[in-house]
Amino acid sequence: MKHPNLVRFIGACLTSPNVCLLLEPIPKGNLFEILQTDVYNIGWNFKFSILRDIAHGMDYIDKSNLQSHGHLTSKNCLIDNRWTCKVSGFGVPMFRKKIYNVEESMLWSAPELLRTCATPNELGNGTKAGDIYSFGIIMSETCTHDSPFDFELQILSIEELIRLLKNFYDPGVRGIKKLLDTNNYDTSKPIRPALMQSRMPELYSEKRGIENLITITTDEDPALRPNFQDVIGNLNKIHPLKGELIENLIFMLEKYTNHLQDIFNEKVQEVELEKSKTEMLLKRLLPPVIAEKMTQHMDILPELHRNVTIFFSDIVGFTTIAKESKPMEVVELLNDLYTTFDNIIEMFDAYKLETIGDAYCVASGVPTRVVDHYEQIATMALYILSAVTNFPIRHMPSVKLQIRIGIHSGSCVAGIVGVKMPRYCIFGEDVTIASFMESHGAPNTIQMSEATASLLDKIELYYFVFKTILNIKFVGDINCYWLYGKETLKIDLPSLSNHPSQYTRTDSLISQIARSTVKKLSARNRLTAESIAENVSGVKSTEKSLSERKSIEESISERDNIEERVSSKSNEIVDSASSLLSDRSASSLENDEPPEEGNKV
């Protein structure tokens, strides 16, 4: 038998134990699997084409000597590479006895055949009307993409369902009908597979047409069922053939391509969303400029920043608070405090470098240049000090939180450190000085270096007072100041009168400045003299020319002049200091009183 819609029989092997059939290979599989898995997401243009192919193949079988198929199911409808449906499983009844041995295959069988056949093997070649019924069940599968009677089998067992199909009007099946009634199932007429409206054709005419065709092909009375020639005519009326199958295939491929494009666009949007989340997280961990370079896979080299102001802070008595608190309470305290700090930092052009325990480090001028970096940090420090003054500790409401703040302006080298968990860090002598300002400060005060104080003094908006002179190892003496206000800033700040012991007497401060200046000038004089002596010794040992000796004599003369200038300068400083002390002997500064707040120093 040769027909475009029938699987071609090639040959058979009858030698035991390798008894088998050789049929035309069909690569895409059967219609049952294609509908069940939704791999291809076929539309109704293709479904109608497949149903036509099945009807044409079955019409050919009905008109042949076989007369009927007898075992038509969606599993026997195979799809080739051209999406042509071909019917298989017809003929050779002796081989079929070992193939059909399950009750599930009987779900496609007509009720009149179920009444006369106990097993699938007894069906034989079936009848033409039985094949029409099986075709109607296959049409219902295209409307549900599920197995036949899938909804009904969720309520009944397969034995109960087959019994009900055999004898629907038998009084003995009333108990089975009651099971369906409890699930709002219509048992007034013979049961047929429930259709899924979401899988039906979109056009109302096609939807009504396919429903009516399923109804007449699965009629309980075999005589009322149409033949396959009529089925083909009905299918052409419901969905007229538009072009050849290959055109329908191209149309479906285009639709499938558009579907893939939609899926691709959705996935791209998901990837973009995740990418934006990752970039946002990266910008929270690193400066935005550095994060942007990392996302572009650019090299990030260490960079020297010459104008930077660095901020360090530390909680006073944090160790004591931690000992008297639970670990979760410590975490909550730091989270509340640093959230407050972070909200303040967002108001200024500054970048939070890191937090280590109770230590907090911020810098302005890195990684991007900031002209008024010193003003940004100074104002930020005042806001932070004000916030800490009124900050409540949730688990210790009676304890007042205190903080030390240190500020210094200078230069630093900044760069990314680490690969697994990269961190943006700053290094340099000025970073050490800023940390020293914080560690040697007093509770609830902002201590800054002379470098920062001189920059703020040019603005003439900030209130600060000279505190003392600190000696830093490998750096030397540094004048320290306390910042306690800003002219245009109206916030609550702690009073400096809370730290009377921290003030140095004015006469003592002047003496310290004088001694420091004399010491620096003497050291410079000593270095100059040593340098000249080394030159004289080198010239004498090598016995160079007369011109070189004249140069030495000039150097000696220059040294004498320097010594005279240094001595004179030292005497002037000491005289001015003594004069200042005598002029202010009766003033309030002799009584060790701090300067009034609101006065600029």
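A hairpin of six residues links strand β1 to strand β2. This is a predicted model, in which local features need pLDDT of at least 70, side-chain atom pairs count only at pLDDT 80 or more, and totals for chains, interfaces and linings use all residues. Residues are numbered from 1 along each chain as its sequence is written, and side-chain values use heavy atoms, with hydrogens and water left out.

**Strands β1 and β2**
- Strands β1 (residues 9-13) and β2 (residues 20-23) run antiparallel and are joined by four bridges; pairing takes at least two DSSP bridges.
- Across the pair, F9 faces L23 in β2.
- Strands are DSSP runs of E with at least two residues, while helices are runs of H or I with at least four, numbered from the N terminus.

**Helix α9**
- The 14 residues of α9 (residues 204-217) should span 20 Å at 1.5 Å a residue, and the end C-alpha atoms are 20 Å apart, which agrees. The expected span is 1.5 Å times one less than the number of residues.
- Buried residues of α9 include E206, I210 and L213; buried means under 20% relative accessible area, exposed over 50%, and partly exposed in between (1.4 Å probe, protein chains only).
- Their cover includes α2 (44-62), α5 (128-144) and α10 (228-238), where contact means heavy atoms within 4.5 Å.

**Backbone features in loops**
- The V366 to P367 peptide bond is cis, with omega near -10°, and P367 sits in the loop between β7 (359-364) and α15 (373-389).
- N184 is not a glycine, yet has a positive phi of about 60°; N184 counts as exposed because its relative accessibility is 76%.
- E460 likewise has a positive phi, near 60°, and lies in the loop between α17 (450-459) and β11 (462-472).
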